[in-house]
Amino acid sequence: MPRGKCRVCGREAEYWVPWANAWFCHDHFIEYYDKRVRRVWEKYFPRGHRKVLVAVSGGKDSVALLYSISKLLGDSGLYYHALFIDLGIPGYSRESLRIVEKNAGRLDIEVEVARLSDYGFTMEDVYRLVRARRIRRPVCSICGMVKRYLMNRYAYEHGYDLVLTGHNLDDMIGFTLSSIVSGRIEDLVKLKPYVEGSGNLVARGKPILFMYGVENKWYVEAVDAEIVGGQCPFRAGESSINVELRDAVLAADKKHPGLAILMARNIVDKLIPRIRAPEKKLKSCSVCGYPSSTDPCGFCRLRERVSALLSSQE
Ligand SMILES: [Zn+2]
Ligand SMILES: [Zn+2]
């Protein structure tokens, strides 16, 4: 397709955005993206939050989130910092933190760091134990649980009342379809753009839930941000059903631009409100006191198991 002119200013355009049926120059792509994020914020996020943590891993999605949301949070006069979770992945964690600090520095945002090693182990320990088959659960699924736990605990202990994460549209579609395939319909409730907090469970939100992965890539390019180059060295060759279902929808989206956004909107606005999730009373973990559906919570069980295995190896 020959390069067109920006829909807004008529100058030479950089980005063809099929679901907007429009070309945009750098500046107007940024504006278009920011407006969509702002609409999600205004529609789904209640007023009244005061201290916000933006979780940033250094990947394209969370870096795009940080740049875009910082304008909005700044305009609203909210107190906000970035949060990096140091999982102790050799080389990778340090490089990711460097990139997060560099971007946050450009935006004049302070970075706080939650360290897994403060709890006596790292994801490197977990990875070794999974490889040795002493722990039988995929390393990425353990990592996801650990990140959610640290994010919430750090936010709560430091007085934050909202944590924002960079989940994107592509992941949301994959998660939705695989939840339907496996019958875990009530899991879809987790996809709400905003989930309120209570007690020591801090409210969470996903302001870029309706942004395609590729849009986040364009956005970090357009704002000239640096992102983490390689992928996590512990990541297993991903061939889950999530990915295949996601790719099928994204392929259909190529022929019917915007189909994935429409699907995601309908999931959030029409499907989720009709799901009557069984009253899953969260208990308090008897070890750490944080909410969990099991007692002890997944994190405390992992911590216990890793420390037992590590001391038995010595
Ligand atoms: Zn323009
Ligand atoms: Zn616990």
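Student: What makes Asp108 count as exposed or buried?

Tutor: This is a predicted model, in which local features need pLDDT of at least 70, side-chain atom pairs count only at pLDDT 80 or more, and totals for chains, interfaces and linings use all residues. Residues are numbered from 1 along each chain as its sequence is written, chains are lettered from A and ligands numbered from 1 in the order in which they are written, and side-chain values use heavy atoms, with hydrogens and water left out. Buried means under 20% relative accessible area, exposed over 50%, and partly exposed in between, with a 1.4 Å probe and protein chains only. Asp108 has a relative accessible area of 72%, so Asp108 is exposed.

Student: Where is Asp108, and what is its phi?

Tutor: Asp108 is in the loop between H3 and E5. Its phi is near 65°, a positive value in a residue other than glycine. Most residues other than glycine have a negative phi.

Student: How do you know which residues are the protein donors of the zinc ion (ligand 1)?

Tutor: Donors are N, O and S atoms within 2.8 Å of the metal (3.2 Å for Na, K and Ca); water is not among the atoms, so sites may look incomplete. Cys6 (SG), Cys9 (SG), Cys25 (SG) and His28 (ND1) lie 2.0 to 2.3 Å from the zinc ion (ligand 1). Along the chain these donors follow the spacing C-x2-C-x15-C-x2-H.

Student: Why is the arrangement around the zinc ion (ligand 1) called tetrahedral?

Tutor: Four donors count as tetrahedral if all angles lie between 85 and 135 degrees. The four donor atoms around the zinc ion (ligand 1) subtend angles of 97 to 116°, so the arrangement is tetrahedral.

Student: Are Cys25 and His28 buried or exposed?

Tutor: Cys25 has 4% relative accessibility and so counts as buried. His28, at 14%, counts as buried too.

Student: What makes the arrangement around the zinc ion (ligand 2) tetrahedral?

Tutor: Its donors are Cys285 (SG), Cys288 (SG), Cys297 (SG) and Cys300 (SG), at 2.2 to 2.3 Å. The angles they subtend are 105 to 116°, which makes the arrangement tetrahedral. The donor spacing is C-x2-C-x8-C-x2-C. Cys285 is at 3% relative accessibility and therefore counts as buried.

Student: Which peptide bond is cis, and what is its omega?

Tutor: The bond joining Asp295 and Pro296 is cis, with omega about -5°. Pro296 is in the loop between strand E10 (291-292) and helix H10 (298-313).

Student: Why do E5 and strand E7 (194-195) stand at the edges of the sheet?

Tutor: Strands are DSSP runs of E, at least two residues, and helices are runs of H or I, at least four, numbered from the N terminus. Two strands pair if DSSP finds at least two bridges between them. The open sheet of six strands has the order E5-E4-E3-E6-E8-E7, with mixed pairing. E5 and E7 each have a single partner strand, so one side of each is left without a neighbour in the sheet.

Student: How many bridges join strand E4 (residues 79-86) to strand E5 (residues 111-115)?

Tutor: Five bridges join E4 to E5, and the two strands run parallel. Leu83 stands opposite Glu112 in E5.

Definitions and conventions:
Tetrahedral: all angles 85-135°; square planar, octahedral: opposite > 155°, others 65-115°.
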